[in-house]
Amino acid sequence: MATTVLPQEHKYSDLDRYKALVLCILTNFSYETCLGEKEEVLKRGNELVKAVVQASTRQEMLLIIEEAYDFVTYDYIQHNSTNKEKLKKRTLYTLVASVLFSLTAVGMTKQYANAQQEQIVQAMEQDMEQKNYSLEANQQIVNGDYEKAAIAMEKAGDSKEDIATMYFENNQFQQAIDTDVSFLEPVIAHYYDNDQSEAILDLTLTEVAEEDTTKLETEKAIVAYDTATMSSALPFLEDEETAVRMGLAYLTNDDVTSAQKVLEKFPSASLENKIKLKQADNELAKAEEELKAIKEDDEKKDEKQQIQKDKIATLTKEIETLQNNE
């Protein structure tokens, strides 16, 4: 465009005219100003603008534009080459695409209206600012400073769910819940999956709905095996995940009857299977004890032993089937 469409200023080279066109897109200065008053452009330009002005070839200028992310991330990763590589993988494609798209869009609209160009330039600047905060967030995650990462993510426009996910994925579970209370169940499930259910006792909630507070109180009672609280909570319980954990807590403490009451209120295939497994285990243990208790001088010893052996074989097979259904 600079060499075929715009006026042919013979005192300027093709590179100067091409460079002026790029600068007017980047800075919102007029083409004429960018061509003849580079000092003014340099005075108000950023590092990207300065690099374009100093470029000695068209190819060098294109490379500078394509690697615009280097200027955006300069303040954060200039002294950290290892972290730079990690962040580059996350941001290279999205940022370069965003910059190139914005430059193209502005170039196409400039010939129609300066007002439209200014709006698009502002949108590009805002987008780059958001990318800048995203890069800062990634850097803080690498550094292990998750609070600063959360602040940067918020400035970048990320949602509470996104920020809570960042906390959760980095094992900052209390912070995840504080940010988004819907993460309470995933955090509790994580603790159980990793045999860390005792950590639930340390969780806290502030300024949340009553149902969330009730859920956490019930979960803590389950971990502590506070049967009084568990029994009083069951009639009002509406959370199936909590109910299943309650039933399993009863089974762990050999209270099959209470576990069955939970199952009656919350039909659950997994809980039902575990109850059957527990009952079969108990019956097997009883059959083995009865087999041992048969006296050698019992007239019906062989008959009684065979009955118990058959029962043990049947229960053993049933237990194996139930275990395979886990």
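Lys215 and Glu219 are both buried, buried being under 20% relative accessible area, exposed over 50% and partly exposed in between, with a 1.4 Å probe and protein chains only. This is a predicted model, where local features need pLDDT of at least 70, side-chain atom pairs count only at pLDDT 80 or more, and totals for chains, interfaces and linings use all residues. Residues are numbered from 1 along each chain as its sequence is written, and side-chain values use heavy atoms, with hydrogens and water left out.

The side chains of Lys215 and Glu219 form a salt bridge at 3.6 Å, N to O; the rule asks for a side-chain nitrogen of Lys or Arg within 4 Å of a carboxyl oxygen of Asp or Glu. Lys215 and Glu219 sit four residues apart in helix H14 (residues 210-224), so about one helical turn separates them. Helices here are DSSP runs of H or I, at least four residues, numbered from the N terminus.

Glu185 and Arg245 make another salt bridge, with the closest N and O atoms 2.7 Å apart. That pair links distant parts of the chain, Glu185 in helix H13 (residues 184-193) and Arg245 in helix H16, 60 residues apart. Both Glu185 and Arg245 are buried. A network of salt bridges links Glu185, Lys215, Glu219, Asp239 and Arg245. The count by this rule is 10 salt bridges.

Now the helix. In H17 (residues 256-265), the buried residues are Val256, Ser258, Ala259, Val262 and Leu263. The face turned away from the buried side of H17 carries exposed Thr257 and Glu264.

Methods. Helices (H or I, at least four residues) and strands (E, at least two) are DSSP runs, numbered from the N terminus.
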